[in-house]
Amino acid sequence: MGSSIWSSLADGSIRPEGLVAQVVARPAHLPEIFAGLDQPKARVKFGCAKVLLLASESSPKAMLPYWEQLKERLGDDNKILQWSAMLTLANLAPNASLPRVEALLPRLLAPIQGPVMITAANAMRSATRFAMAHPSLAREVCQKILGTEKGEYQTAECRNVVLGHALQALDKLMPLLKDKAPVVELAQRQLGNSRPATRKRAETFLKKHNSAKRLPS
């Protein structure tokens, strides 16, 4: 396929979804997809990012050798590429070793408390997948997500949106947590959130988890 991938994405003759099966079948083409992330055309760079994300869903083992390249993208100046790298790494986490995941976790957790709302939401989503793949990380991830109440975001409404995402993430982490009380308490506080969608998520969360208690040691 070579750089014809880029031209096909650029002119719209093929969508990222149409490339995934070919890339998964022939992983030798992955370097070309990664190189496409640095192309100036939006259709090429974002198309290549989507190919990588979809490939990580269908064939994570084929993508695992590119962990370091994806890790570098967490610092990309382009936020969309940064977010895509977060989610792609999350798909690889079940196949990555615990030491490798542990080493990356602090960097992934850092954006959760702001200032960019969407970055925080994607970081939570990714970190939650890390914890679900490696339950020993659940407490650390939970503690960082609980900090969203005091996070520094661009606006107060951004914080309210982030808190809604936090409730979604914490719902997935609850089965992995020994001490569930702080999470339930956060949800209870969000019953007074000024954002209707976040209040609704808090109500739904509490209907499911309000009886949660600390498990015996």
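A residue is called buried when its relative accessible area is under 20%. The model shown in the following views is predicted.

**Figure 1. Buried residues of helix α2 in the predicted model.** Helix α2 spans residues 16–25, and its buried residues are Pro16, Leu19, Val20 and Val23. These residues cover an arc of only 120° around the axis, which places them on the same side of α2. Ala21 and Ala25, on the other side of α2, are exposed. The packing partners of the buried residues of α2 are α1 (4–10), α3 and α4 (42–58).

**Figure 2. Buried face of helix α10.** Within helix α10 (residues 138–146), the buried residues include Ala138, Val141 and Cys142. Ile145 and Leu146 of α10 are buried as well. Viewed down the axis of α10, the buried residues fall within an arc of 135°, so they line one face of the helix. The cover over the buried residues of α10 includes α8 (98–109) and α9 (117–133). Helices α11 and α12 (181–189) are also included in that cover.

**Figure 3. Residues of the largest nonpolar core.** The largest nonpolar core holds 66 residues, of which Trp67, Phe130, Ile145 and Leu170 touch the most other members. Ile145 is also one of the buried residues of helix α10. When neighbours within four places in sequence are left aside, Leu170 is in contact with Cys142, Ile145 and Leu146, among others. The contacts of Leu170 also include Val183, Leu186 and Phe205. Cys142 and Leu146, like Ile145, are buried residues of α10.

Figure 4. Leu163 lies in helix α11, which comprises residues 156–173. With a relative accessibility of 4%, Leu163 counts as buried, since the limit for that class is under 20%. Residues up to four places away in sequence not being counted, Leu163 touches Thr148, Glu149, Gln190, Asn193 and Thr198. The C-alpha atoms of Leu163 and Gly151 are 9.8 Å apart in space, and the two residues are separated by 12 residues in sequence.

**Figure 5. Stacked aromatic pair Phe34 and Tyr66.** The structure contains two aromatic pairs. In the pair shown here, the ring centres of Phe34 and Tyr66 are 4.9 Å apart and the ring planes stand at 20°, so the pair is stacked. The cut-off behind this assignment is a plane angle under 30 degrees. The pair links distant parts of the chain, as Phe34 belongs to helix α3 (residues 30–36) and Tyr66 to the loop between α5 (60–63) and α6 (67–72), 32 residues apart.

**Figure 6. Overall setting of the close-up views.** The protein has 13 helices and zero strands. Its radius of gyration is 19 Å, close to the 17 Å that the globule rule gives for 217 residues, so the protein is as compact as a globular protein of that length. Along the principal axes, the C-alpha atoms fill a box of roughly 55 × 40 × 25 Å. Buried residues account for 47% of the 217 residues. Among contacts with a separation of 6 or more, 68% join residues 24 or more positions apart. The accessible surface comes to about 10,600 Å², and 53% of this surface belongs to carbon and sulfur atoms.

Conventions: Residues are numbered from 1 along each chain as its sequence is written. This is a predicted model: local features need pLDDT of at least 70, side-chain atom pairs count only at pLDDT 80 or more; totals for chains, interfaces and linings use all residues. Side-chain values use heavy atoms; hydrogens and water are left out. Rings of Phe, Tyr and Trp (its six-membered ring) pair if their centres lie within 6.5 Å; planes under 30 degrees apart count as stacked, over 60 as edge-to-face and the rest as tilted. Helices (H or I, at least four residues) and strands (E, at least two) are DSSP runs, numbered from the N terminus. A nonpolar core is a set of buried Ala, Val, Leu, Ile, Met, Phe, Trp, Tyr and Cys residues joined through side-chain atoms within 4.5 Å. Buried means under 20% relative accessible area, exposed over 50%, partly exposed in between (1.4 Å probe, protein chains only). Contact means heavy atoms within 4.5 Å. The arc is that of the directions from the helix axis to the C-beta atoms. The radius of gyration is taken over C-alpha atoms; the globule rule is 2.2 Å times the number of residues to the power 0.38. Accessible areas come from the Shrake-Rupley method with a 1.4 Å probe; for residues, only the protein chains shown count as cover.
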